[in-house]
Amino acid sequence: MKLPAHLVFAALLALPLTTMTGTAIAAESAYSHGHELHGTMELNQGQKWETDAPLRQGMGALHQIVSAGLDGAHANALKSDDYKKMSGEIMTQFTYIVENCKLEPEADAQLHILLGNISQGVNVIEGKVSGEQPVDGLIKMAQALNSYGSYFNHPNWESFDVSH
């Protein structure tokens, strides 16, 4: 049986990410159901949080997926099946990050906030948020990825222009 992506996201966010010290942190808000998540992103005493290779790999792949999606949306070339495929690709990377990323507890907590924001974008892409179009979900994802670049140390990270 294939579970809907939002249920898988909820289950993954409810699970702690393993940290470098071997302890774990649970997400303050496992899933928001379209409401604001608890907590706001914060820097590490004015510095970006350190990342590990699995996080950089997964986030880099998410960046490519969203970039291609935005290009397709701007060209008015995306169909319902394209958004569905994109959602599956995003879910694959999301799962990879949750299963493989190992950060210190404070960075881990920040990552949970970010992953919650990404899951909100996926809900919109999948048509689960009334009044919003799938392209709005891509923009939410781009904004979340911009936050990642602002709060996490990922060399050569490029932000999206979401001003238009």
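How many residues does helix H4 have, and what does it reach from its first C-alpha to its last?

Reply: This is a predicted model, and what follows is computed from it. Helix H4 covers residues 105–125, has 21 residues and reaches 30 Å from its first C-alpha to its last. That span is close to the 30 Å expected at 1.5 Å a residue. Of the 21 residues of H4, 18 are buried, so H4 is largely enclosed by the rest of the structure. Just after H4, glycine 127 takes a positive phi of about 80°.

For context, the protein has 5 helices and 2 strands. From the N terminus on, these elements run α-β-β-α-α-α-α. Buried residues make up 43% of the 164 residues in the protein. Among contacts between residues at least 6 apart in sequence, 74% join residues at least 24 apart.

Leaving out residues up to four places away in sequence, serine 87 touches Val122, Ile125 and Glu126.

Helix H3 itself has 21 residues and reaches 30 Å from its first C-alpha to its last, close to the 30 Å expected at 1.5 Å a residue. The buried residues of H3 are Tyr83, Met86, Ser87, Ile90, Met91, Gln93, Phe94, Thr95, Ile97 and Val98. An α-helix has 3.6 residues a turn, so residues three or four places apart point the same way.

The axes of H2 (residues 53–74) and H3 (residues 80–100) come within 8 Å and cross at roughly 165°. An angle over 145 degrees counts as roughly antiparallel, and H2 and H3 are therefore roughly antiparallel to each other. H2 passes H3 in a left-handed crossing.

The loop between H2 and H3 holds asparagine 76. Its phi is near 60°, a positive value in a residue other than glycine. Most residues other than glycine have a negative phi. Asparagine 76 is exposed, with a relative accessible area of 73%. A second case is glutamine 45, which has a positive phi of about 50° although it is not a glycine. Glutamine 45 lies in the loop between strand S2 (24–25) and H2, and at 78% relative accessibility glutamine 45 counts as exposed.

H2 also packs on helix H5. The axes of H2 and H5 are 10 Å apart, at an angle of about 145°, and the crossing is left-handed. H2 contributes Leu55, Arg56, Met59, Leu62, His63, Val66, Gly69, Leu70 and Ala73 to this contact. H5 contributes Val135, Leu138, Ile139, Met141, Ala142, Leu145 and Tyr148. The contact of H2 with H5 has 13 nonpolar, 2 polar and 1 charged residues.

Histidine 74 lies in H2 and is exposed, with a relative accessible area of 57%. The C-alpha atoms of histidine 74 and valine 135, 61 residues apart along the chain, are separated by 9.1 Å.

Further along H5 (residues 134–151) is asparagine 146. At 13% relative accessibility, asparagine 146 counts as buried. Not counting residues up to four places away in sequence, asparagine 146 touches Ser159, Phe160 and Val162.

Definitions and conventions:
Residues numbered from 1 in each chain as written. Predicted model: local features only at pLDDT ≥ 70, side-chain atom pairs only at ≥ 80, totals over all residues. Heavy atoms only, no water. Axes fitted to C-alpha atoms, helices over the stretch in contact; angles between N-to-C directions. Helix = DSSP H or I, 4+ residues; strand = E, 2+ residues; numbered from the N terminus. Parallel < 35°, antiparallel > 145°, perpendicular 65-115°, else oblique. Left-handed = near helix turned anticlockwise from the far one by under 90°. Expected span 1.5 Å × (residues − 1). Buried < 20%, exposed > 50% of the residue type's maximum accessible area, 1.4 Å probe, protein only. Contact = heavy atoms within 4.5 Å. Nonpolar A, V, L, I, M, F, W, Y, C, P; charged D, E, K, R; others polar.
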